[in-house]
Amino acid sequence: MKPRDRRNPHRLIVEGPDDLHTVVHLTTAHGVDWESDDSGAPYIRDAGGLDGALRELPTSIKSTRRLGIVLDADQSPAIVWTRIREALRTLSLPTEPPAGGYVDATESGCRIGVWILPDNQRPGALEDLLTGLIPPSDPVWTYAGEVCREASRRGARFKAHYLHKASVRTWLAWQEQPGVPPGSAIQRGYLDAQQSAAHGFVRWFQSLFLTAEPSPSPPTDENRP
């Protein structure tokens, strides 16, 4: 049974295809084997947006052993976290999203994790994480931002809080293979998966899906049969 098989007891819910392929290629660069039957890598479910992802949580938590969800913070990680808590109201989630991502086990034994892009603290989206993967010595990244700000002044229709998104997509359009999606940009080495901006997400993913199941405690004298 391959890790991305729907029957996989590990599942990761994401908002869209760019998130899906970014997760695969980013974690592959850190040693995750997505073709192994027993690597722990999850089936990734593209839920087609925030609302679809949240709708799937209550049922998915009943049918999986490990369940993760990755959502964009957009303008407010606090609002997204509140909606996650509402979808999982039977669980005792903390009142604020943990800086390192949320991972815990339910009473039924399902291990559940939440990551709010880019880093569980700031407003933003996938592209704000990708910004941190652009090599510091890149010659045109700063210029891509300047171009997008000028385009905005000239009437470009993207909203101000989407400046990073527009800048990253513009930068991707200037690579050797113009306009490849983010996952392919990681695979081709345009985006550097070893940059420190990736480490928090990778640690969260490994903690959720790749750590061993805890061994049951040995019986004590009080409960020994």
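Biologist: Where is valine 140 found?

Modeller: Keeping in mind that this is a predicted model, you will find valine 140 in the loop between helix 4 (126-131) and helix 5 (141-153). Leaving aside neighbours within four places in sequence, valine 140 is in contact with Trp171 and Trp174. The C-alpha atoms of valine 140 and tryptophan 174 are separated by 8.5 Å, although these residues lie 34 residues apart along the chain.

Biologist: How is valine 140 classed by its relative accessibility?

Modeller: Valine 140 counts as partly exposed, because its relative accessibility is 27% and that class lies between the cut-offs of 20% and 50%.

Biologist: Is serine 36 buried or exposed?

Modeller: Serine 36, which is found in the loop between helix 1 and strand 2 (43-46), is buried, since its relative accessible area is 16%. The side chain of serine 36 is also joined to that of aspartate 38 by a polar contact of 2.7 Å.

Biologist: How are helix 1 and helix 8 arranged relative to each other?

Modeller: Two packed helices are described by the angle between their axes and the distance between the axes. Here helix 1 (residues 17-28) and helix 8 (residues 199-210) pack at an angle of about 90°, their axes being 11 Å apart, and the two helices are therefore roughly perpendicular to each other. Helix 1 makes the contact through Val23, Leu26 and Thr27, and helix 8 through Phe201, Val202 and Phe205; by class, this contact has 5 nonpolar residues, 1 polar residue and no charged residues.

Definitions and conventions: Residues are numbered from 1 along each chain as its sequence is written. This is a predicted model: local features need pLDDT of at least 70, side-chain atom pairs count only at pLDDT 80 or more; totals for chains, interfaces and linings use all residues. Side-chain values use heavy atoms; hydrogens and water are left out. Axes are lines fitted to C-alpha atoms, for helices over the stretch in contact, and angles run from 0 to 180 degrees between N-to-C directions. Helices (H or I, at least four residues) and strands (E, at least two) are DSSP runs, numbered from the N terminus. Angles under 35 degrees count as roughly parallel, over 145 as roughly antiparallel, 65 to 115 as roughly perpendicular and the rest as oblique. Contact means heavy atoms within 4.5 Å. Ala, Val, Leu, Ile, Met, Phe, Trp, Tyr, Cys and Pro count as nonpolar, Asp, Glu, Lys and Arg as charged, and the others, Gly among them, as polar. Buried means under 20% relative accessible area, exposed over 50%, partly exposed in between (1.4 Å probe, protein chains only). A polar contact is a pair of N or O atoms within 3.5 Å; within protein, one must be able to donate a hydrogen and the other to accept it, and residues adjacent in sequence count only if both atoms are side-chain atoms.
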